Amino acid sequence: MIIIINKISNSRCINSQQYSLENLLNLCKLTDTIKNIALTSEGLKYLKPILSDKRAILYFKQASTRTFLSFQNACHILGISCSEIRDTSTSSEVKGESELDAIKTFSQYVDLIIMRHPLSDFIYEISDNLPDNMRIINAGSGTNEHPTQALLDFYTIWKYGLENKKVAFVGDLLRGRTVRSLALLLNKVNGIKLYFVAPKVFQIKSDILEQLDVDYEITDDFEKVLSEMDVIYMVRLQDEYGGTNEVINTNKYSINSSNINKMKDDAIILHPLPRRNEISVEIDKDKRAKYWQQCENGMWVRVALIMDMFGISDVDLLFNKYIEYIT
Ligand code: NCD
């Protein structure tokens, strides 16, 4: 499935294709500015009223820890009141109401819908059926996309420098939506090279490869590429989606104390989390392990994204108003 939407309005965050490099870099700078402002209690007080007239709903039909809580806390930081549906057995869907009607209903109470859904295309149906001014964020759509995870991954890589980097994706690339979304974002960066490292049965689908303009390589040989990479992005086996009963041999596709020393000294290791055993816990102490930092970045990137979607994207203006506020 290739869905290319060149112009999705700023009231939607649906897929990676909709972002230009300029959008991405502005979002990174906005995130940095917000993080700096939020370092002090004065700064947090400045941020709190910014969107305090807005309401959001988190509609999550799949399990989530990080995405749900980081969005919820991003809303708290901006003063947005949140409601949630995580268990549809408590919604009128059990009375036979269609999901679209349920969503149309709560869309009348809020300004922003943040949705995670097991079906890849449902986010497009919702986007098509709700008014243009309703803000809608895709917080994970089946095995297809997870654009906000990709935005926070992009930000984390940007912090260490994006130019001419070699980035390897390792693990279940067949069903790993974060890899699909991040590959499409990194595709906007000149000079970057992507490596898709997995056994054949878990390789990334051709719909993503067909959209890549940057150089890429497909391989099943992790040990061979390990020493050359600047960024290694691990993903777990996504076995909840079915499609294959095969498993990945994590003796071959993992980072642990026996192979970490083959990595470049200034490389970084990322993982969208949750992990299983593709990264051993002892690696957490290694200076190259950045996945907990990546996880924290998630909340701040989501603050920036929400602000941007409500029209607050001028980094200098935000900072200058903050200086005025504290002086
Ligand atoms: C990812 C997801 O849900 O796709 N998790 C997340 O949002 N951080 C990755 C995963 O579940 O493996």
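At 9% relative accessibility, Leu 273 counts as buried, where buried means under 20% relative accessible area, exposed means over 50% and partly exposed is in between (1.4 Å probe, protein chains only). This is a predicted model, so local features need pLDDT of at least 70 and side-chain atom pairs count only at pLDDT 80 or more, while totals for chains, interfaces and linings use all residues. Residues are numbered from 1 along each chain as its sequence is written, and side-chain values use heavy atoms, with hydrogens and water left out.

Back to Leu 273, then. Although Leu 273 is not a glycine, its phi is positive, about 65°. Leu 273 sits in the loop between strand 10 and helix 10; helices (H or I, at least four residues) and strands (E, at least two) are DSSP runs, numbered from the N terminus. What is the peptide bond from Leu 273 to Pro 274, cis or trans? That bond is cis, with omega near 5°.

Pro 274 also has its place in this loop, which runs between strand 10 (268-270) and helix 10 (291-309). With a relative accessible area of 41%, Pro 274 is partly exposed. Which residues does Pro 274 contact, leaving aside neighbours within four places in sequence? They are Arg 66 and Arg 236, with contact meaning heavy atoms within 4.5 Å. The C-alpha atoms of Pro 274 and Val 235 are separated by 8.5 Å, and the two residues are 39 residues apart along the chain.

Asn 164 is another residue other than glycine with a positive phi, in this case near 50°. Asn 164 is found in the loop between helix 6 (147-160) and strand 6 (166-170), and its relative accessible area of 57% makes it exposed.

Now for the whole chain. The secondary structure comes to eleven helices and ten strands. For 327 residues, a compact globule would have a radius of gyration near 20 Å, and the protein chain agrees because it has 20 Å; the radius is taken over C-alpha atoms, and the globule rule is 2.2 Å times the number of residues to the power 0.38. Along the principal axes, the C-alpha atoms fill a box of roughly 55 × 55 × 35 Å.

Of the 327 residues, 57% are buried. If you look at contacts with a separation of 6 or more, 74% of them are accounted for by residues 24 or more positions apart. The chain exposes about 14300 Å², and carbon and sulfur atoms supply 48% of that; the areas come from the Shrake-Rupley method with a 1.4 Å probe, and for residues only the protein chains shown count as cover.

As for charge, the mean positions of the 38 positive and 43 negative charges are 3 Å apart. Lys and Arg count as positive and Asp and Glu as negative, while His and the chain ends are not counted; each charge is placed at NZ of Lys, CZ of Arg, CG of Asp or CD of Glu.

How many disulfides does a search of the whole structure find? It finds zero, a disulfide being a pair of cysteine sulfur atoms within 2.5 Å. Cys 13 is in no disulfide, and the nearest cysteine sulfur, that of Cys 75, is 13 Å away. Cys 13 is buried at 0% relative accessibility. The sulfur of Cys 295 has its closest cysteine sulfur in Cys 75, 17 Å away, which is too far for a bond. Cys 295 is partly exposed, at 28% relative accessibility.

| Pair | Apart in sequence | C-alpha to C-alpha |
|---|---|---|
| Ser 20 and Val 189 | 169 residues | 9.9 Å |
| Tyr 59 and Val 110 | 51 residues | 12 Å |
| Ser 181 and Thr 148 | 33 residues | 8.7 Å |

Ser 20 lies in the loop between strand 1 (12-13) and helix 1 (21-37), and is partly exposed with a relative accessible area of 32%.

Tyr 59 belongs to strand 2 (residues 55-60) and is buried, with a relative accessible area of 0%. Not counting residues up to four places away in sequence, Tyr 59 touches residues including Ile 85, Phe 106, Met 115 and His 117.

Ser 181 is in helix 7 (residues 177-186) and is buried too, with a relative accessible area of 0%. With residues up to four places away in sequence not counted, Ser 181 touches Ser 16, Glu 145, His 146, Pro 147 and Ala 150.
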